[in-house]
Amino acid sequence: MTSRSTLTAWLAGLDAPRLARVLGIRKDAAVPPEPRSMEELAERLLRPGSVALVLPQLALPYLQVAKVLAALGTPLSRGALARALGATAPAAARSLDGVLVALADHALVWPDGDGKLAMAAPLRKAWDAPLGLDAPMEELLEGVTSEELRGMLVALGIKPPGTRQHRTTAVLEHHGDQQRVATVIANAPSATRRLLERRAKSAPRHTEFVAFGAPGADSPGERWALDRGLLVRNRHGYGQARMPAEVTLALRGPDWSAPFEPFPPVAKLVPVTAAEVDREAMAAAAAFAAQAASVLSASSSAPPAKLKSGGIGARELARIAKAAQADGAVVRIILETAYSAGLLAVDGDRVAPTEEYDTWTAREPAERFAELLQAWWSLGLTPSQARDKDNKAQPALAGTPPCDGCLQARHGLLAAAAMLPEGQGVKAATDLVPLVTWHRPLAHSSTQDETPLAAAIREAELLGVIARGALSPLGAALSADDTEGLTTVCRRLLPEATETARFGGDLTAVVTGTPSVRVAELLDATAARETSGTASVWRFSADSVRLALDAGHTAGEISAELTAIAGGALPQPLSYLIADTSRRHGQVRITPAACVVHGEEPALLAELATHRGLAALGLRHLAPTVLVSGSPLDQTLATLRAQGYAPVAEATDGTVRIEKVPPQRAATVPAPRKTRGRTGPERRAYHAAEASTAVDSSAMAARLLTAPLTAPEPDPFGTGGPFPTDTEEIVAGYAKQLTYTDVRQLAHAIDAGTAIRVAYVAASGSHTVRTLSRLGLDPPYLEAWCHLRDAERVFTLSRIHGVMPEGHG
């Protein structure tokens with residue numbers, strides 16, 4: 001039976017509560033509309049993408065069991081699985097049963113009708129070499145000829161049957177007995193034994209190229225193993241010989257077992273009270289909420305500019321951090337969470353607040369903080385990460401590909417903290433790392449982490465999710481996906497917004513807790529913020545008050561509004577500062593002018609200022625003999641002269657500008673060529689050159705008529721432009737920087753599986769040329785093996801600016 005049929009049969013036999021639990025765990029599977037559609041549900045559960053979504057969420061023992069089943073193949077009895085894992089002791093056996101139940105709830109492993117374990121087929125491809133084992137013998141024999149099978153059986157001392165199928169069965173039966181394989185290896189030459197033992201200890205290496213020509217020479221002792229099927233080469237005889245999984249297991253011996261860790265590691269604990277956890281979580285949450293308000297306020301007053309390559313660069317991040325008095329990592333977290341929550345959006349070449357931001361600012365600090373906290377919990381990246389994989393500066397909001405391992409690092413951290421006993425915590429949050437790697441083995445550390453998961457831990461502490469080495473009530477509500485409970489906890493930990501400020505004689509204003517939007521905007525407009533957190537401090541100066549006056553506020557308005565939030569009279573030094581700055585404000589004025597009109601007769605200048613025919617110039621008196629004009633100099637001159645006046649223009653040094661018009665001359669016409677006086681040979685050469693440069697209109701028309709049609713422009717929206725393949729249409733829709741020719745080259749490389757060279761602009765803005773192979777299209781991304789970095793990388797199609805065939809210099 002196929003895995004789909006066995007899963008369908010198993011699902012059909014479940015009672016309603018168990019089926020609901022399967023569907024509840026596998027949220028990516030929709031409930032079938034009718035009970036008869038169990039086959040449709042099984043097909044959805046077995047999709048490769050669906051299985052890939054589940055694996056990163058599993059703890060270590062679940063992955064270890066799944067890996068053994070992928071290595072040994074199914075159907076496999078529960079007893080054979082327990083022996084392979086070394087889980088025969090009562091406690092380990094009970095844990096194994098619990099793991100199998102959980103894997104069944106995830107529709108990854110389930111019992112079939114014969115009492116054996118069946119497995120989702122896509123799970124086999126989750127690992128290239130599970131447990132360091134290569135493919136089983138049955139798979140490797142697919143490329144072996146019948147004559148080669150006969151030679152293996154003869155070398156093993158077995159009479160070969162007549163058909164290929166029977167010969168394959170005989171080899172599989174022999175290699176399926178570990179004892180018989182071990183006996184053959186024990187009688188092998190010493191060079192062969194050393195080769196096989198060395199290969200059994202190392203993970204298999206699969207080459208991806210074929211070297212044309214004669215096959216290379218065998219390693220010492222290799223031919224003996226190849227003749228007996230202990231090593232197998234592909235049907236062409238090229239590449240490295242592969243060791244079947246059955247041979248590797250026989251070499252490891254009967255005492256070998258796969259790793260199985262059903263119990264989490266034990267962390268060194270210290271006592272911590274709930275009050276201590278609450279107090280630290282409250283301080284962290286209040287500080288972050290206040291900093292979030294100031295960072296987004298700074299982004300609202302001066303929206304940060306977007307880099308050409310996308311995202312907010314280091315210069316703008318530093319400006320926001322200085323204005324909000326916040327740490328760079330905190331600024332990144334706030335911007336990423338606000339963008340995810342819809343409070344920020346790209347607006348042309350800037351990132352500006354949305355209308356949702358105005359609604360957000362009107363809420364209480366607890367509700368604002370809860371919204372940002374939920375956005376952080378579901379982010380598919382590490383928001384505080386400032387360097388990319390190549391150790392280059394990474395912009396914020398750069399649109400990096402989603403990182404499920406980053407999300408699992410965050411979830412695994414809270415899952416590990418939730419496992420700690422009540423009233424206990426770890427001495428340092430980094431002591432949770434072994435527990436996190438047990439709960440989420442596929443979690444990713446940030447590229448800038450000096451210690452594993454340092455960035456995820458730091459973010460959790462900044463948000464108050466982890467406090468005093470334990471899970472805070474905020475973290476507990478997040479782990480439970482309890483939105484209402486999270487808001488309740490935030491309201492308990494965060495006080496209401498502060499509507500008042502304390503003003504000191506040292507020209508400072510202090511607001512404890514989170515200032516309201518009205519208070520924060522007023523103080524940001526009239527003073528410079530010095531600190532943010534549980535208490536925010538602003539300092540007044542002549543420059544800060546002048547900026548408020550420049551923005552249109554009057555001294556009376558500033559004093560009245562500050563008095564309203566002070567709850568009393570302002571300190572005398574602050575009142576004097578406002579009055580003195582206002583008195584000096586505007587003593588020097590700057591008037592826009594396109595040009596200046598001046599003369600020695602005030603009466604004439606007064607006449608010009610009131611002349612109706614000159615009203616379009618916008619003339620205005622600055623002095624009895626000085627006017628300013630709103631029109632450029634040449635236009636002012638022409639208008640004055642049209643009204644009968646005789647002005648002259650001045651240069652920048654005050655001298656009269658001479659308006660000399662250069663004489664006009666006809667364009668130079670080349671003189672006719674003269675041939676008179678040339679010798680016979682010279683004249684013939686000259687006429688031959690003339691003939692070679694003449695245009696043959698008939699030939700030109702013939703070439704134009706026979707020329708191929710110009711290729712149509714890419715049209716990803718289906719409005720008329722044809723595309724030969726779907727791949728070309730998808731690439732053209734996302735890779736807007738590419739020409740039609742480049743789109744066709746890239747699409748052909750994706751479809752044909754060939755290597756390609758691309759000019760790529762990274763999120764940091766750096767330009768590189770990459771050679772890519774093993775291309776996989778996942779719009780708007782391109783997954784490929786990067787030869788420059790010698791690793792799998794994900795490339796954004798819109799950042800590919802050019803395409804060249806591989807080998808192009």
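Q: Which residues line the largest cavity?
A: The lining consists of Ala293, Ser297, Tyr357, Trp360, Thr361, Arg368, Pro515, Ser516, Val517, Ala520 and Glu521. Lining residues have an atom within 4 Å of a cavity point, and a cavity is a set of points, on a 1 Å grid over the protein atoms alone, where a 1.4 Å probe fits but cannot get out. Helix H15 (274-301), helix H18 (355-361) and helix H25 (517-526) each give two or more residues to this lining. Helices here are DSSP runs (H or I, at least four residues) and strands are E runs of at least two, numbered from the N terminus.

This is a predicted model, in which local features need pLDDT of at least 70 and side-chain atom pairs count only at pLDDT 80 or more, while totals for chains, interfaces and linings use all residues. Residues are numbered from 1 along each chain as its sequence is written, and side-chain values use heavy atoms, with hydrogens and water left out.

Q: Which helices each supply at least two residues of the lining of the second largest cavity?
A: They are helix H20 (404-418) and helix H22 (454-462). The lining residues include Cys406, Arg410, His444, Asp449 and Glu459.

Q: Why is the pair of Tyr357 and Trp360 called stacked?
A: By the ring rule there are four aromatic pairs. The ring centres of Tyr357 and Trp360 are 6.0 Å apart and the planes meet at 25°, so this pair is stacked. Rings of Phe, Tyr and Trp (its six-membered ring) pair if their centres lie within 6.5 Å; planes under 30 degrees apart count as stacked, over 60 as edge-to-face and the rest as tilted. Both residues lie in helix H18, three residues apart, about one turn of the helix. Tyr357 and Trp360 are both buried, that is, under 20% relative accessible area with a 1.4 Å probe and protein chains only.

Q: What makes the pair of Tyr760 and Phe795 edge-to-face?
A: The planes stand at 90°, with 5.0 Å centre to centre. This pair links distant parts of the chain, with Tyr760 in strand E16 (residues 756-761) and Phe795 in strand E19 (residues 791-796), 35 residues apart. Tyr760 and Phe795 are both buried.

Definitions and conventions
1 Å grid on protein atoms, 1.4 Å probe; cavity = no way out; pocket = protein on both sides within 12 Å on 5 of 7 lines; lining within 4 Å. Buried < 20%, exposed > 50% of the residue type's maximum accessible area, 1.4 Å probe, protein only.
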